[in-house]
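Keep the structure open beside you as you read.

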Amino acid sequence: MSCTLKGEIELPADKSIYHRAVILGSIAKGKVRIRGISRAEDNLRTIEAFQSMGIRIEEKENNELIIHGRGLEGLREPEDVIDCGNSGTTIRLLAGLLAGQNFFSILTGDNSLRQRPMKRVLEPLSLMGGKIWGRAGGNLAPLAIRGTKLESIEYKLPVASAQVKTSILLAGLYARGTTKIFDPYGTRDHTERMLSYLGVNLTKDKNWIAIPGFPELEAEEIVIPGDLSSASFFIVGAIITKNSEVLIKNVGINPTRTGILEILKQMGAHVEVLNKKENSGEPVGDILIKSSKLKSTELRGDLVVKTIDEIPILAIASALAEGTTVIRDAKELRVKETDRIKALVSELRKLGAEIHEMEDGFMIKGPTLLRGAKCSSWGDHRIAMTLMIANLVTEGKIELDDRQCIKTSFPSFFHILNSLIQ
Ligand code: S3P
């Protein structure tokens, strides 16, 4: 199929920031208005979790969510197990928050989530005095949490994970003293920005972040930008199709997330950020994309951290680029919603790409004329959307075994994609 993408779109609220707004809004003092809506299933899991802990959350017609925050000590013991579904962010962030409550809770998730590593959060949380148990010696959900009084720690992140960092920061809100975290990787900093915006005296010194225990959180509203990770599917879609021009308005352009824009520019893509501004402590802009001819590149080191969720869609751009693209230092991809290195190698090969698997990444030799095939999403929303964008340029159709998983992050994906197709 060969088509053109044209138009101006706005996307649902950033999933990552939305989780944080629901969590911090629930423990803030009084009513918080969240501007921007996400119906991503992952976000719904977080909302339901707080509703089950006694927080009133109402969706308004004008793309707003009202959270009736009950303060730091206002959560109630949930009557049932909290089901985090497919959401790694929900389970890891809640583990930190619940470690310091004065009640008992259990967190679980779907097949994929119950296989993902949890020791990375249990370890620092138990150093703080947290009492959390899980299967496989504490590495796998379900997690049982006996809330207790916590002590602050100084902790160097052993993995590049914003979920681990945030889990500790949330536990730090309930810890005696000042919790200090060293993040040498520069992982996404939405939590730090939102805590500061809510009035917490969080300080940053080089790669150290310090947060005092028992602060007060308060704000009238939090404005959430469109999701850059969702945008990247249309960004690459517009680049690889002919005569395309797409403007995506009000997208989050936090520099800890913009690796995809940097790397596509390196590859020769026409990507421009316009109308830069700031909303509730987060940088926002409009992104203009035009069809472009791509050349290969190398992605490794710190830039991988800023691009981590966009590597699947980048693989499609790489398969169509002139030359050999190498992506390394991306071992974390193996513990996402699925092993994304394995999934990409398997599915791109079916499309005819020349792709070579490495322990911490892959190598793709382009340009390839991709062809349609019967493919699997591996139950992973980002793999599914990646293949649906590849479908715009393949000779013959890609038949996908499961599209439902796309709802995890982007239920309106097809609706918006279809509105752009000429
Ligand atoms: C996220 C952090 C990243 C990212 C995930 C969302 C977050 O995970 O892949 O989609 O909201 O903090 P890690 O912290 O495991 O790198």
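The protein carries 56 positive and 53 negative side chains, counting Lys and Arg as positive and Asp and Glu as negative, with His and the chain ends left out. The centres of the two sets lie 2 Å apart, each charge being placed at NZ of Lys, CZ of Arg, CG of Asp or CD of Glu.

A word on the source: this is a predicted model, in which local features need pLDDT of at least 70 and side-chain atom pairs count only at pLDDT 80 or more, while totals for chains, interfaces and linings use all residues. Residues are numbered from 1 along each chain as its sequence is written, and side-chain values use heavy atoms, without hydrogens and water.

Now for the overall build, in numbers:

| Property | Value |
|---|---|
| Box filled by the C-alpha atoms, along the principal axes | roughly 60 × 45 × 40 Å |
| Accessible surface (Shrake-Rupley, 1.4 Å probe) | about 16300 Å² |
| Share of that surface on carbon and sulfur atoms | 46% |
| Buried residues (under 20% relative accessible area, 1.4 Å probe, protein chains only) | 61% of 422 residues |

The secondary structure comprises 14 helices and 24 strands, taken as DSSP runs (helices H or I, at least four residues; strands E, at least two) and numbered from the N terminus.

Helix H9 spans residues 259-266, and its buried residues are Gly259, Ile260, Leu261, Ile263 and Leu264. Their cover includes helix H8 (228-240), strand S17 (270-279) and helix H11 (311-320), judged by contact, meaning heavy atoms within 4.5 Å. Just after H9, glycine 268 adopts a positive phi of about 100°.

Conventions. Buried < 20%, exposed > 50% of the residue type's maximum accessible area, 1.4 Å probe, protein only.
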